[in-house]
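Subject: Structure for you to look at

Dear colleague,

I am handing over the structure we spoke about, with the sequence alongside it. Please open it first, and then read the notes that follow.

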Amino acid sequence: MKPYLCRVIENRILWADAQLLIFDAPDPSTSSGQGLARALRPGQFALARDATTREPYLRRALWLYQTEETRVAFTLPAHDPLVARVRVGDLLDLLAPLGRVIEFGANARRILLIGEGTRVAQLIALAHAAITQAREVVLVNRGENIFPAHLLSPEIEYRADDALSAELIAWADAIVASGSSELYRALAEAIRAARYRLEPGFARVIVDAPMPCGDGLCYACAVETTRGIKLACADGPAFDLIELERKH
Ligand code: FES
């Protein structure tokens with residue numbers, strides 16, 4: 001993780017109440033060109049603050065949405081105080097990359113991604129990365145505020161129906177979900193019903209926790225797991241469902 005000073009080139013609604021912040025993020029501090037866009041991987045996030053003010057006082061979590069050459073797009077809730085403050089042309093102070101990368105094993109050819117409402121935004125970079133790795137991807141958006149299909153690669157099979165269907169769960173080699181703890185409970189039950197047991201490593205879920213420091217220092221993001229207390233910022237924010245589901 002390192003600091004980046006990045007200029008905002010877009011600040012707009014992506015859809016519903018999901019905001020898109022796009023930065024032009026060249027990194028002049030390295031001659032190798034290993035800038036922010038290259039440092040970030042699906043599943044990771046950045047912490048941002050306006051270096052000129054203490055409003056908002058704590059850094060805000062930005063979720064990786066897309067990278068393109070030196071540009072990096074993140075999503076965050078449209079009601080976040082940072083959204084109202086930031087103007088195109090502003091420089092923001094970012095810490096990144098944070099969190100563990102979500103990766104799939106070589107045998108995981110069929111990927112099921114389940115997002116609830118606008119939490120699906122946290123899965124879009126992962127969906128596109130899996131397609132470039134020649135995996136099959138089904139992305140299911142549950143609930144209201146369905147993600148606009150035209151923003152997805154046509155190779156991604158996009159559904160807004162029953163994310164927990166036995167057929168889909170039996171089809172998948174790996175699942176990643178982003179949503180409420182109710183969704184995660186229901187997902188664990190549906191997996192046990194469709195596949196008889198929940199195997200370690202089969203399903204990962206993204207925990208929604210405040211992450212003000214991002215560095216394992218404040219413990220604001222502590223998550224109770226079957227393997228003890230873990231930190232969403234350092235050990236997650238994606239955790240194996242089997243480590244969490246009995247704790248919900
Ligand atoms: S955000 Fe401070 S310990 Fe995780």
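The pLDDT is the predictor's confidence in each residue, on a scale from 0 to 100. Please keep in mind that this is a predicted model; the chain averages a pLDDT of 88, and 92% of the residues score at least 70. Over residues 30–34, however, the pLDDT is below 50, and in the model this stretch has five contacts beyond its near neighbours in sequence.

As for the overall layout, the chain is divided into domain 1, covering residues 2–98, and domain 2, covering residues 110–247. The C-alpha centres of domain 1 and domain 2 lie 23 Å apart, and the contact takes 16 residues from domain 1 and 21 residues from domain 2.

What does the interface between the two domains consist of? The area buried between domain 1 and domain 2 is about 1600 Å², and carbon and sulfur atoms give 72% of that area. On the domain 1 side, Trp15, Trp63 and Tyr65 lose the most area to domain 2, and together these residues account for 42% of what that side buries. Between domain 1 and domain 2 the count of salt bridges is zero, while two residue pairs are found in polar contact across the interface, both at pLDDT 80 or more.

Turning to the elements involved, β1 (2–15), β3 (45–50) and β4 (60–68) are those that give two or more residues to the side of domain 1 that touches domain 2. The largest share of that side, three residues, comes from β4. By class, the side of domain 1 that touches domain 2 has twelve nonpolar, two polar and two charged residues.

Some details of the backbone also deserve a look. Most residues other than glycine have a negative phi, and most peptide bonds are trans. Against that background, the peptide bond from Ala96 to Pro97 is cis, with omega near -10 degrees, and Pro97 lies in strand β6, which covers residues 91–98. The peptide bond from Gly236 to Pro237 is likewise cis, with omega near 5 degrees, and Pro237 has its place in the loop between α6 (232–235) and β14 (238–240). Finally, Glu69, a residue other than glycine, has a positive phi, near 50 degrees, and Glu69 lies in the loop between β4 and β5 (71–77).

With best wishes

Conventions
Residues are numbered from 1 along each chain as its sequence is written. This is a predicted model: local features need pLDDT of at least 70, side-chain atom pairs count only at pLDDT 80 or more; totals for chains, interfaces and linings use all residues. Side-chain values use heavy atoms; hydrogens and water are left out. Domain bounds come from an automatic or database domain assignment. Contact means heavy atoms within 4.5 Å. Buried area is the accessible area (1.4 Å probe) that two parts lose on being put together, summed over both. A salt bridge is a side-chain nitrogen of Lys or Arg within 4 Å of a carboxyl oxygen of Asp or Glu. A polar contact is a pair of N or O atoms within 3.5 Å; within protein, one must be able to donate a hydrogen and the other to accept it, and residues adjacent in sequence count only if both atoms are side-chain atoms. Helices (H or I, at least four residues) and strands (E, at least two) are DSSP runs, numbered from the N terminus. Ala, Val, Leu, Ile, Met, Phe, Trp, Tyr, Cys and Pro count as nonpolar, Asp, Glu, Lys and Arg as charged, and the others, Gly among them, as polar.
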